[in-house]
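Trainee: Could we go through this model together? I would like to begin with the charged residues and then turn to the strands.

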Amino acid sequence: MQSSQVEALLKEELGLEEIIVKVEGTHYQVIAVGDCFDGLTPVKKQQLVYKPLMEKISDGTIHAVSIRAFTPEQWQRERKFILPQ
């Protein structure tokens, strides 16, 4: 599954403002930004992102997922530490 497919799926399902997906084989790194994460604990944020991916995780297309989920406000503060300049 290509990064663009994961990005489109998550953006559509969660209404994300921004999504970045990096793929190395069957391992995926996801940075998701959206209002849907407002007020959620880190575990609840991850569960929200995992839900649309469960079919692909179950069938082995996706083996591992690393998730970092932010509200737009959190992302404005954190992006400079996460993304290379």
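Predicted model: local features only at pLDDT ≥ 70, side-chain atom pairs only at ≥ 80, totals over all residues.

Trainee: How many salt bridges does a search of the whole structure find?

Mentor: The search finds 1 salt bridge, a term for a side-chain nitrogen of Lys or Arg within 4 Å of a carboxyl oxygen of Asp or Glu. Its partners are arginine 79 and glutamate 18, at 3.7 Å from N to O. The pair links distant parts of the chain, 61 residues apart: arginine 79 belongs to helix α3 (residues 72–82) and glutamate 18 to strand β1. Helices (H or I, at least four residues) and strands (E, at least two) are DSSP runs, numbered from the N terminus.

Trainee: What about lysine 45, and which side chain of opposite charge is nearest?

Mentor: Lysine 45 lies in helix α2. Lysine 45 is buried yet has no salt bridge, and the nearest side chain of opposite charge, aspartate 38, is 7.9 Å away. Lys and Arg count as positive and Asp and Glu as negative, while His and the chain ends are not counted. Not counting residues up to four places away in sequence, lysine 45 touches Phe37, Leu40, Ala69 and Gln74; contact means heavy atoms within 4.5 Å.

Trainee: And where does aspartate 38 lie?

Mentor: Aspartate 38 is in the loop between β2 (27–33) and α2 (42–58). Aspartate 38 is exposed, with a relative accessible area of 59%. Together with Glu17, Asp35 and Glu73, Asp38 forms a negative surface patch. Patches are made of residues with over 30% relative accessible area and no salt bridge, where like charges are joined within 9 Å and nonpolar side chains (Val, Leu, Ile, Met, Phe, Trp, Tyr) within 5 Å.

Trainee: Which residues does threonine 71 contact?

Mentor: Leaving aside neighbours within four places in sequence, threonine 71 is in contact with Val33, Gly34, Phe37 and Asp38. Threonine 71 sits in the loop between β3 and α3 and counts as buried, at 5% relative accessibility.

Trainee: Is arginine 68 buried or partly exposed?

Mentor: Arginine 68 is partly exposed, with a relative accessible area of 40%, and has its place in strand β3 (residues 64–70). Arginine 68 touches Val30, Ile31, Ala32 and Ile82, again not counting residues up to four places away in sequence. The C-alpha atoms of arginine 68 and glutamine 29 are separated by 8.2 Å, with the two residues 39 apart along the chain.

Technical notes. Residues numbered from 1 in each chain as written. Heavy atoms only, no water. Areas by Shrake-Rupley, 256 points an atom, 1.4 Å probe, with all protein chains shown as cover. Charge placed at Lys NZ, Arg CZ, Asp CG, Glu CD. Buried < 20%, exposed > 50% of the residue type's maximum accessible area, 1.4 Å probe, protein only.
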